[in-house]
Amino acid sequence: MRSSIMSLLLGLAAVMAGGLTADSVSAQEDVAFRAYLESLRPKARAMGIRDMTLDSVFPGLTPNPRVIQLDQNQPGGGAYAPIPNFEPYRRQHVDAARIGRGRTAYLANRARLARTEAETGVPEEIMVAIYGHETNYGAYTGDFDLIRSLATLSYEGRRRALFEPELLATLKMLDNGVPRSRLVGSWAGATGYPQFLPSVYLRLGRDGDGDGRVDIWNSEADALASIANYFVHAGWRRGQPWGIAVSVPAGLDRSALAARTSPARCPRVFNRHSRWLSMAEWRRMGIVPSGGGWPADRVMATLLEPDGPGKTAYLLTSNYRAILDYNCSNFYALSVGLLADAVKQ
């Protein structure tokens, strides 16, 4: 199956040669798009999705050129591209307004949050911080039609291995009774208060208010419980912090602390971390917490200096890696942790 972009280019070339009209190019594109949708039926049936569900969606579906444009305009950045300082990002994403709204959401949901933390070990404030970072506490969840967006991205083909399973998962959600009107979100398929991909919703969505539904679009309780469940499956360790801010002595030999393994995932993120050492080992090197005390001596952590030597650094535990599993960005994970700490104060 040719991608829509390749098909369109070939068609336009034919127009320029005088062999086709613009209308015929559009017609060929529509035929190719519909053929791709029909090719999904066996996969959908294997997931238990009914033909009547597909028949309710496929006939009126068209590609969304805006989605293709947004996908192709995504910023690059290789492993050696310059990385900006964290401090400007922190000021923007852990600001007084976001902290204030976070405390409001925290207080409004304390009973459910406390129960969820007791069940899962995921701190209340971490759930709230994710909610705040993803959609500004529900203020903006995206307005793209998920099925149309994911069908467009799957058909275009550049990242079909990523987007086709999410399209099928969205169709499964529709087949399960989620109203089409709720199946909206980002252009890349993230949806609801936690901005879950459809496959994540199907796998990890949880009913937090006991009404028998998993409504991450309207129920804060469901959204927060689902976020906690995500972290449970990402390996969150009960009772450990995500990390602590520290100051580093000027004479620290950073070359001796370099990580000894090459990360297979997100190398641009993990290559900035030191190797793992215990809190006791870091303390013996002269590392000093910027506020509060030390975690238990046996807790393992890596060192990250996001703004370089002489600035605030962080010792980061395996729970920080769970935040990276949600969004593999040091700036994102650090700001989630810092927002969580501020909301709890």
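# A chat about salt bridges, rings and cores

Visitor: What joins Asp30 and Arg34?

Guide: The side chains of Asp30 and Arg34 are joined by a salt bridge, at 3.3 Å from N to O, where a salt bridge is a side-chain nitrogen of Lys or Arg within 4 Å of a carboxyl oxygen of Asp or Glu. This is a predicted model, in which local features need pLDDT of at least 70 and side-chain atom pairs count only at pLDDT 80 or more, while totals for chains, interfaces and linings use all residues. Residues are numbered from 1 along each chain as its sequence is written, and side-chain values use heavy atoms, with hydrogens and water left out.

Visitor: Where do Asp30 and Arg34 lie?

Guide: Both are in helix H2 (residues 22-39), four residues apart, which is about one turn of the helix; helices (H or I, at least four residues) and strands (E, at least two) are DSSP runs, numbered from the N terminus.

Visitor: How many salt bridges does the structure hold?

Guide: It holds 19 salt bridges. One of them pairs Arg41 with Glu38, whose closest N and O atoms are 2.6 Å apart; Arg41 is buried at 10% relative accessibility, whereas Glu38 is partly exposed at 39%. Glu38 and Arg41 also belong to a network of salt bridges that includes Arg45, Asp51 and Asp55.

Visitor: What about Arg180, which residue does it form a salt bridge with?

Guide: Arg180 forms a salt bridge with Asp145, and the closest N and O atoms are 2.7 Å apart. Arg180 lies in the loop between helix H11 (160-175) and E2, while Asp145 is in strand E1 (residues 144-145), so the pair ties together parts that are 35 residues apart in sequence.

Visitor: Switching to rings, how many aromatic pairs are there?

Guide: The count comes to 16 aromatic pairs. Rings of Phe, Tyr and Trp (its six-membered ring) pair if their centres lie within 6.5 Å, and planes under 30 degrees apart count as stacked, over 60 as edge-to-face and the rest as tilted. The rings of Phe86 and Tyr314, for example, have centres 6.5 Å apart and planes at 85 degrees, so this pair is edge-to-face. Phe86 is in the loop between helix H5 (65-72) and helix H6 (87-93) and Tyr314 is in strand E7, so that the pair links distant parts of the chain, 228 residues apart. Both Phe86 and Tyr314 are buried.

Visitor: Which residues do ring pairs link into a cluster?

Guide: The cluster is made of Phe86, Tyr89, Trp242, Tyr314 and Phe331.

Visitor: What does Trp242 touch?

Guide: Leaving out residues up to four places away in sequence, Trp242 touches several residues, among them Trp236, Tyr314, Leu316, Asn319, Tyr320 and Ile323, with contact meaning heavy atoms within 4.5 Å. Trp242 is also, together with Phe231 and Ile323, one of the residues that touch the most other members of the largest nonpolar core, which has 78 residues. A nonpolar core is a set of buried Ala, Val, Leu, Ile, Met, Phe, Trp, Tyr and Cys residues joined through side-chain atoms within 4.5 Å.

Visitor: Is helix H16 mostly covered or uncovered?

Guide: Helix H16 (residues 318-326) is mostly covered, since seven of its nine residues are buried. Asn319, Tyr320 and Ile323 are among those buried residues, and the buried residues of H16 pack against several elements, including helix H9 (124-135), helix H13 (220-233) and helix H17 (330-344).

Visitor: Last one, what joins the side chains of Asp71 and Arg158?

Guide: Those side chains are joined by a polar contact of 2.7 Å; a polar contact is a pair of N or O atoms within 3.5 Å, where within protein one must be able to donate a hydrogen and the other to accept it, and residues adjacent in sequence count only if both atoms are side-chain atoms. Asp71 lies in helix H5 and counts as buried, at 2% relative accessibility.

Notes. Buried < 20%, exposed > 50% of the residue type's maximum accessible area, 1.4 Å probe, protein only.
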